[in-house]
Amino acid sequence: MSDLFDLSDRKLSTRQGIDTEELTGKTFPYQFDATLVDDVDLDAATPGDDINWLEDVHLMSEDGIPAVFDRYTNAFLKIHFPIPEGREDEYARKVLIKHLQEGNSYGIWLKYRHAKFAQPELGSWLAGSPTVGENWRPPVLEGWEPPAGH
């Protein structure tokens with residue numbers, strides 16, 4: 001993979017917000033190349049018949065860079081390619097859907113260990129997504145004993 005995508009030498013910032021690149025230590029090719037999201041069909045990727053959730057996704061900015069908010073990670077996903085004027089929200093939505101469909105959202109990564117109920121791993125925006133959370137067990141800290149009397 002190109003050095004462009006290698007963030008291994010980066011350190012966490014001391015600023016208030018946090019973005020996906022900083023949280024995961026990775027970037028993804030579709031953050032840099034609009035042609036990798038051009039074929040995303042937003043209508044087909046919409047869960048059920050309700051496109052309203054997608055209408056709430058807008059192009060924003062993080063650190064002066066165009067970004068879309070990934071609510072599953074609670075962090076921004078920066079977009080490093082030029083976005084055609086008038087299509088800002090469309091491209092923000094396409095980048096987010098691509099990110100979710102490919103399972104690259106940090107929030108989705110956490111589902112394997114922390115999902116407490118059965119749910120599609122990649123959400124309802126990807127047909128045939130495997131189910132996670134069917135056999136959740138509370139974590140056990142090795143060597144920990146409950147206090148006496150409990």
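Visitor: Leaving aside neighbours within four places in sequence, what is His99 in contact with?
Guide: His99 touches Thr20, Phe28, Tyr30, Asp70, Leu77, Asn104 and Ser105, once its neighbours within four places in sequence are set aside (contact means heavy atoms within 4.5 Å). Bear in mind that this is a predicted model, where local features need pLDDT of at least 70, side-chain atom pairs count only at pLDDT 80 or more, and totals for chains, interfaces and linings use all residues. Residues are numbered from 1 along each chain as its sequence is written, and side-chain values use heavy atoms, with hydrogens and water left out.

Visitor: Is His99 buried or exposed?
Guide: His99 is buried, with a relative accessible area of 0%. Buried means under 20% relative accessible area, exposed over 50%, and partly exposed in between (1.4 Å probe, protein chains only).

Visitor: And where does His99 lie?
Guide: In helix H4 (helices, H or I of at least four residues, and strands, E of at least two, are DSSP runs numbered from the N terminus).

Visitor: What about Asn104, where is its place?
Guide: Asn104 belongs to the loop between H4 and H5, and it is buried at 13% relative accessible area. Beyond its neighbours within four places in sequence, Asn104 contacts Phe28, Tyr30, His99 and Trp109.

Visitor: Phe28 and Tyr30 again! How are those two rings arranged?
Guide: They form a stacked aromatic pair, 5.7 Å centre to centre with 5° between the planes. Both Phe28 and Tyr30 are buried. The structure holds three aromatic pairs. For a pair, the ring centres of Phe, Tyr or Trp (its six-membered ring) lie within 6.5 Å; planes under 30 degrees apart count as stacked, over 60 as edge-to-face, and the rest as tilted.

Visitor: Nice. How do Phe69 and Phe76 pair?
Guide: Phe69 and Phe76 are edge-to-face, at 5.2 Å centre to centre and 70° between the planes. Phe69 is partly exposed at 29% relative accessible area, while Phe76 is buried at 15%.

Visitor: Switching topic, what is the order of strands in the open sheet?
Guide: The order is S1-S2-S3, with antiparallel pairing (two strands pair if DSSP finds at least two bridges between them). The edge strands are S1 (60–62) and S3 (75–78), each pairing on one side only. S1 is joined to S2 (residues 65–70) by three bridges, and Met60 has Ala67 in S2 as its bridge partner.

Visitor: Which strands does H4 lie across?
Guide: H4 lies across S2 and S3, and runs at about 50° to S2. Axes here are lines fitted to C-alpha atoms, for helices over the stretch in contact, and angles run from 0 to 180 degrees between N-to-C directions.

Visitor: What's up with phi of Asp63?
Guide: Phi of Asp63 is near 55°, a positive value in a residue other than glycine. Most residues other than glycine have a negative phi. Asp63 sits in the loop between S1 and S2 and is partly exposed, at 45% relative accessibility.

Visitor: Last stop, helix H5: which residues are buried there?
Guide: Gly107, Ile108 and Lys111 are buried in H5 (residues 106–114). They cover an arc of only 100° around the axis, which puts them on the same side of H5 (the arc is that of the directions from the helix axis to the C-beta atoms). Tyr112 and Arg113 are exposed on the other side.

Visitor: And what do the buried residues of H5 pack against?
Guide: Helix H4 (88–101), strand S4 (119–120) and strand S5 (131–132).
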